[in-house]
Amino acid sequence: MSNRYMQPLRIAIQWGFLVFMLYLGVRLYLFVQHFRTGGATPFVPRPDGVDGFLPISGLLGLKDWFAGGTINPVHPAAVVVFVTVVAVSLLLKRSFCSWICPVGTLSELLWKRGFTLFRRNLKPPRWLDVALRGLKYLLLAFFLYSILWVMPPPAVKAFIFMDDHLIADVKLLNFFLHLSGIPLVVILVLLVLSLPVRNPFCRYLCPYGALLGLVSLLSPVKVTRERTVCVSCGVCTQVCPAYIPVMTKERVHSEECIGCWRCVSHCRAQGALSMKLTGRRVAVSGIVFAVLVVVIFVGGSVAGRATGHWKSQIPYAEYMRLLGP
């Protein structure tokens, strides 16, 4: 497959996952309505894939897993998805952010629309950009310190089985169904900022992205530039959503690289840019990269189901107690 077709392919995969995630949200809503109406509406099985929206539960569950040797039965899919996303980032850069994450999909849609409207995207001054990028690492440090260092294993297990955590997915659903006040204002501001600025939430505030970025530094595949072929046109730098000066790099080691292939796809000199393995001798084709992203991510859920670590074991009666009228 020619590199120029990578962007339509990536966008198709992005939106395919987004539609699937919206489907999961609808199923969760119907599941909750059954209990809130006291069983008056038809029962819809809980879509366990919604655990993927609970990365904090995944981190808690991961610590509990290491401490106790088993994955908790409350939100096991959260642990599976968390580990799978980290694995994708370890092998294929932060491709989860640009190929699968719904926030990344919507943010990209907005800044592209902003480019159409304003004929450019803005980048804050370097000093401000660096300072703002530090926010997501501070948030990441807070969560890692609080969960991995401060909370002892018994406290983690107790938290996992607390009523509020049992229905963490429902609380997240309620948050978006009843947006108001400060959260609504913050989200609206981020949406507006996403028009002139590329991926502001992902770049400055997402602790999940910060973790994946640090992990992705170990990825064996990276964008690589052949100096003898490059014509120094600067297009690769211009189209990079992470503002990486690709044209000045021989190999892109930045934790901000989201593996979107935009620089490679838009390169005007055939062979000047490619995604290569460590050693710079073996190039990874676009179709192989795309297949690996999807297979590894989907494979995580398949493995979770196969090993019995996917479906939540919270009983029907417990949900009725927690959600019933």
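This is a predicted model: local features need pLDDT of at least 70, side-chain atom pairs count only at pLDDT 80 or more; totals for chains, interfaces and linings use all residues.
1. Residues are numbered from 1 along each chain as its sequence is written, and side-chain values use heavy atoms, with hydrogens and water left out.

2. W261 sits in the loop between α13 (235–239) and α14 (262–266); helices here are DSSP runs of H or I with at least four residues, numbered from the N terminus. Its phi is near 70 degrees, a positive value in a residue other than glycine. N199 belongs to the loop between α10 (181–193) and α11 and, at 9% relative accessibility, counts as buried.

3. Do have a look at α1 (residues 6–36) against α9 (residues 168–177): they pack at about 105 degrees with axes 11 Å apart (axes are lines fitted to C-alpha atoms over the stretch in contact, and angles run from 0 to 180 degrees between N-to-C directions). That makes the two helices roughly perpendicular, the class for 65 to 115 degrees. On the α1 side the contact (heavy atoms within 4.5 Å) uses G25, L28, Y29, V32 and R36, and on the α9 side D169, V170, L173, N174 and L177.

4. Helix α6 (residues 126–150) has 25 residues and should span 36 Å at 1.5 Å a residue; its end C-alpha atoms lie 34 Å apart, which agrees. The expected span is 1.5 Å times one less than the number of residues. D129, R133, K136, L140 and I147 of α6 are buried, and the buried residues of this helix pack against α2 (55–68), α7 (153–160), α11 (200–204) and α12 (207–216).

5. P55, in helix α2, is partly exposed at 25% relative accessible area. Leaving out residues up to four places away in sequence, P55 touches F82 and Y208.

6. Finally, the largest nonpolar core holds 66 residues, of which W99, I100, V223, V246 and F289 touch the most other members. Such a core is a set of buried Ala, Val, Leu, Ile, Met, Phe, Trp, Tyr and Cys residues joined through side-chain atoms within 4.5 Å. Helix α1 gives the most to this core, with nine residues.

Technical notes: Angles under 35 degrees count as roughly parallel, over 145 as roughly antiparallel, 65 to 115 as roughly perpendicular and the rest as oblique. Buried means under 20% relative accessible area, exposed over 50%, partly exposed in between (1.4 Å probe, protein chains only).
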